[in-house]
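Subject: Structure for your review

Dear colleague,

Please find below the structure that I am handing over to you.

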Amino acid sequence: MVARTIPVETFDLVIFGGTGDLARRKILPSLFRRMREGQMPTDARIIACARGKMSRKAFQQMIREALEEFIPNDTDRPEDLVGTFLKALDFVTLDVMGTQGWDDLAGKLRDDAIRAFYLSVGPGLFGAIASKLSETGLATPESRIVVEKPLGHDYTSACELNRQLSASFDEHQIYRIDHYLGKETVQNLMALRFANALFEPLWNAQHIDHVQITVAESIGVEGRGGYYDKSGAMRDMVQNHIMQLLCLTAMEPPARFEPDAVRDEKLKVIRALDPVTSEETVRGQYRANGEGGYLDHVENPDSRTESYVALKVQISNWRWAGTPFYVRTGKKLRSRMSEIAVIFKEVPHSIFPEVSQRKGNALIIRLQPDEGITLRMTIKDPGPGGMRLREVPLDMSFADALADAGAVPDAYERLVMDVIRGNQTLFMRGDEVEAAWAWTDAILATWDDSGDRPHPYDPGGSGPEDALALLHRDGRRWREVET
Ligand code: NAD
């Protein structure tokens, strides 16, 4: 039998910001699971760096508690493995803007292990850390550096960030995380398209009526109001996560499943996006309804930042001309769900006149809450009562179908292991990020010029009325926001 899990080579992973929320909630629990599955070698080292003074022992205790909180089931956390994992942890007190602590860190790194630096700190510190790693000689030509959103606030700041990183690291060393790319379903979108002969011949404007991409959240901006109000749904979700989903859905088959081959094809999609006119966008802000609304949550009664956005996106190339991609994302919607829905055209001629097919086939790629793929088919209603048709889902839930493989791994598990393996396929290249910002900036500029305010919408619904009209005008409708 072929082993499912291939261990990676031993590594030293330095996490700047190792006591922060991202490290405790995602990075370290993901590494623990990889150790549990036999993929992370037991002699690997994880060295957290943060400003506050803390002993190694106190840090280990902090991570023990984080594992208990974020891997709540005791049986998923065998005590002997927790002990082994905690032994791999070390801590260095280090203010990245200062000079102290760097020698201490250098003393903990091995020359013969893969070396990776995860910058789990605010983006304002990325440039300083990158140049310090280079000045101190801690970064070797094969070291990796990992950064995560927000990768800039607009095109200009994204270019500046890329400049700062590339002053000390080559592009092949830079891993820009978009955790959506680490989701099993998103990778399965590529498998579905390029490992099956069934879909690709139909994957074009001739057979696909339109595509809907939805990232709906049920929570508001509570607690993150200050940050969010400077960002908004367009910068926080569309420019990165939704753009990546759109690229993987729309891209041409790459010649090989290799980092630059895949990223070249994604970049071509971004470059083929038409500018979006103001009539093709709808912005919303959730209103107060019993509890505070968006303006209360960000404590800014004049805010024009959108907590919801819907766009009609057109891709000007041979494959997609005439087939729009409708994308939407928002906070305080009816439920938390993310999906890509590929809606096929109806049959050219229905032979069942009285019960004609009402809808085309649809392929639904569900990212959350439970990852899976559904194909909507039309079949005959059973029974002797004539030729009645109905729609049924052909359902594949990954949790069920892959039960023997255990739980669907968290996106960070895959991504952190890819950093160690040196595989950049699921990471964004600098030019992709810049191209995505250039397209996004133009939309943000049309909003600024118009001076319009976002449309209020009710919490717990499916967004502003105008977003419905965006599709109605084209004779289409959004899928329900429901789980
Ligand atoms: P956080 O505020 O919880 O943690 C920040 C960490 O950085 C702390 O460990 C702190 O000690 C350390 N730090 C701050 N200034 C420092 C300095 N000068 N020198 C050394 N250490 C310093 O933040 P977070 O939520 O963990 O987020 C970290 C980064 O990841 C941010 O850029 C954030 O935007 C991004 N991010 C976070 C999440 C998430 O789920 N939390 C998701 C995506 C992206």
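In this predicted model, 9 strands make up an open sheet with mixed pairing. Their order across the sheet is β14-β13-β12-β11-β7-β10-β9-β8-β15. The edges are taken by β14 (389-397) and β15 (455-457). Each of these two has a single partner strand, so one side of each is left without a neighbour in the sheet. From one strand to the next, the twist averages 20°.

Strands of a sheet pair through backbone hydrogen bonds, in either a parallel or an antiparallel sense. Here, β11 (residues 337-344) and β12 (residues 362-368) are an antiparallel pair, joined over 6 bridges. Within this part of the sheet, E339 stands opposite R366 in β12. Helix α7 (residues 184-194) lies across β11, β12 and β13 (372-380). The helix α7 runs at about 150° to β12.

I turn now to the cysteines. How many disulfides does the structure hold? The number is 0. A disulfide is a covalent bond between the sulfur atoms of two cysteines. For C159, the closest cysteine sulfur is that of C247, and it lies 17 Å from the sulfur of C159, which is too far for a bond; the cut-off applied to such a pair is 2.5 Å.

As to accessibility, C159 counts as partly exposed, with a relative accessibility of 22%. C49, by contrast, is buried, and its relative accessible area is 1%. The cut-off for buried is under 20%.

With kind regards

Notes: Residues numbered from 1 in each chain as written. Predicted model: local features only at pLDDT ≥ 70, side-chain atom pairs only at ≥ 80, totals over all residues. Heavy atoms only, no water. Buried < 20%, exposed > 50% of the residue type's maximum accessible area, 1.4 Å probe, protein only. Pairing = 2+ DSSP bridges. Helix = DSSP H or I, 4+ residues; strand = E, 2+ residues; numbered from the N terminus. Axes fitted to C-alpha atoms, helices over the stretch in contact; angles between N-to-C directions. Contact = heavy atoms within 4.5 Å.
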